[in-house]
Amino acid sequence: MAGIYIHIPFCRKKCYYCDFFKSTDLSQKARLLAGLKLELESRVSEYCSEEINTIYFGGGTPSVLLINELKDLLNVIKSNYRVNEDAEITLEANPDDLTLTNLLTLKQIGFNRLSMGVQSFSETDLKLMNRRHSALQAIQSVKWAKEAGFSNISIDLIYGLPNQNMEEWEQNVRIAVELDVQHISAYNLTYHEGTVFYEQLKKGILKELPDELNLQQFELLIRILKEAGFEHYEISNFCKPGLYSQHNSSYWKSRKYLGIGPSAHSYDLQSRSWNVSSISKYLHGLENDEPYSETEILTEQDRYNDYIITGIRTIWGVSEDFVQSEFSSKYFAHFQKSREKYLQSGHLSCTSGKVSLSTEGLFISDQITTDFMVVE
Ligand SMILES: C[S@@+](CC[C@H](N)C(=O)[O-])C[C@H]1O[C@@H](n2cnc3c(N)ncnc32)[C@H](O)[C@@H]1O
Ligand code: SF4
């Protein structure tokens, strides 16, 4: 059971908050696509015994590719890897790239899940973030996606935006609910170094929202989505019953995944590797049979910390039995000590040996995760 992630490193315009690896120079697109195919073909041996259950085109903006370019990449994957016929195949798409016609074709060529970057339904927020689409365009593209037959649609929202008050945030969440999508990812805004937002914050042009308001927005989100029948299955992810993102759930459940493209990460249970975050270096490496990635063999400490970080924020939690059987006694002892402290304070819950964050725990998740980690 494994997943394939393909990173499409192009965007039409850079959003001011975003530090994902991307370029607005599309002149290398054809060469990059050839590179992605080469990487897919050259890494088949790593995954020949694996069944591929999820394929995820992320970015950047995969929807900048033409239908035929996406179709070619899907064909390369399907003809080289053992793809389960019910595999979840997701396309990250920006609303401004979507029309009813291209949505119908995306469905036809095999995509069965869409993850749409909406971020906010307020025109003021969208302008501030330097998004290319309007709120109406986002709403229209969700409606078209449904009309085209997509029954697994996710939208991304960001809260804690500069000047965002509770009423505006509530309005965003309520519109998302009304759109009747199957999945919502809602992220708290992070000011990443190197982004325009970060610079504007440093210059005092933007002001961070107070922690308390961020928390209130998070609480409101959880309340409204739960009332609307969503399962809160990971700290930032909500879905209609059972409709988890299978691809992202594999990351959180520590399953194998193959990451293709510049900046993409891979994980094979024993090691993780990451491709260089540069289109030219990536292509140079691939075309000349030279290295374009780095690999790190995971130590027991890395594996334990990764298991905690990824698992504790999900409803599946971390398993006491697994920690006891997979890691040496010092890790289990540390795990038990941290667990006791937060079980007593009510920030963790434990059901059938699975430890996860309680609702109160969700609000101090960083502190709890840090306490659980072993750093030597
Ligand atoms: C790979 S990105 C964007 C996908 C797609 N290109 C788009 O813009 O719609 C995935 C998501 O991460 C979230 N994100 C990116 N930067 C963020 C930040 N600084 N703080 C919070 N969320 C962020 C956004 O919600 C975004 O849709
Ligand atoms: S949020 Fe999406 S469209 Fe905006 S810069 Fe990041 S990857 Fe590109």
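A polar contact is a pair of N or O atoms within 3.5 Å; within protein, one must be able to donate a hydrogen and the other to accept it, and residues adjacent in sequence count only if both atoms are side-chain atoms. With that in hand, welcome to this predicted model, in which local features need pLDDT of at least 70 and side-chain atom pairs count only at pLDDT 80 or more, while totals for chains, interfaces and linings use all residues. Residues are numbered from 1 along each chain as its sequence is written, chains are lettered from A and ligands numbered from 1 in the order in which they are written, and side-chain values use heavy atoms, with hydrogens and water left out.

**Ligand 1**

| Residue | Residue atom | Ligand 1 atom | Distance |
|---|---|---|---|
| Glycine 60 | polar backbone atom | nitrogen | 2.8 Å |
| Asparagine 94 | polar side-chain atom | nitrogen | 3.0 Å |
| Glutamine 119 | side-chain N or O atom | oxygen | 2.7 Å |

Of the 560 Å² of accessible area that ligand 1 has on its own, the protein covers 93% (Shrake-Rupley method, 1.4 Å probe; for residues, only the protein chains shown count as cover). Around ligand 1 there are 17 residues, and Gly60, Gly117, Gln119, Arg131 and Asp156 come nearest; a residue is near a molecule or strand if one of its heavy atoms lies within 4 Å of it. Strand 4 (113-119), strand 5 (153-159) and strand 6 (183-188) each supply at least two residues of this shell. Helices (H or I, at least four residues) and strands (E, at least two) are DSSP runs, numbered from the N terminus. By class, the shell has five nonpolar, nine polar and three charged residues. Ala, Val, Leu, Ile, Met, Phe, Trp, Tyr, Cys and Pro count as nonpolar, Asp, Glu, Lys and Arg as charged, and the others, Gly among them, as polar.

**Ligand 2**

The residues surrounding ligand 2 include Cys11, Cys15, Cys18, Gly60, Asn94 and Arg131. Its shell divides into four nonpolar, three polar and three charged residues.

**Salt bridges**

Side chains of opposite charge can pair when their charged atoms come close. The whole structure holds 18 salt bridges (a side-chain nitrogen of Lys or Arg within 4 Å of a carboxyl oxygen of Asp or Glu). In one of them, glutamate 69 pairs with lysine 29, with the closest N and O atoms 3.0 Å apart. This pair links distant parts of the chain, 40 residues apart: glutamate 69 sits in helix 3 (residues 67-80) and lysine 29 in helix 1 (residues 29-42).
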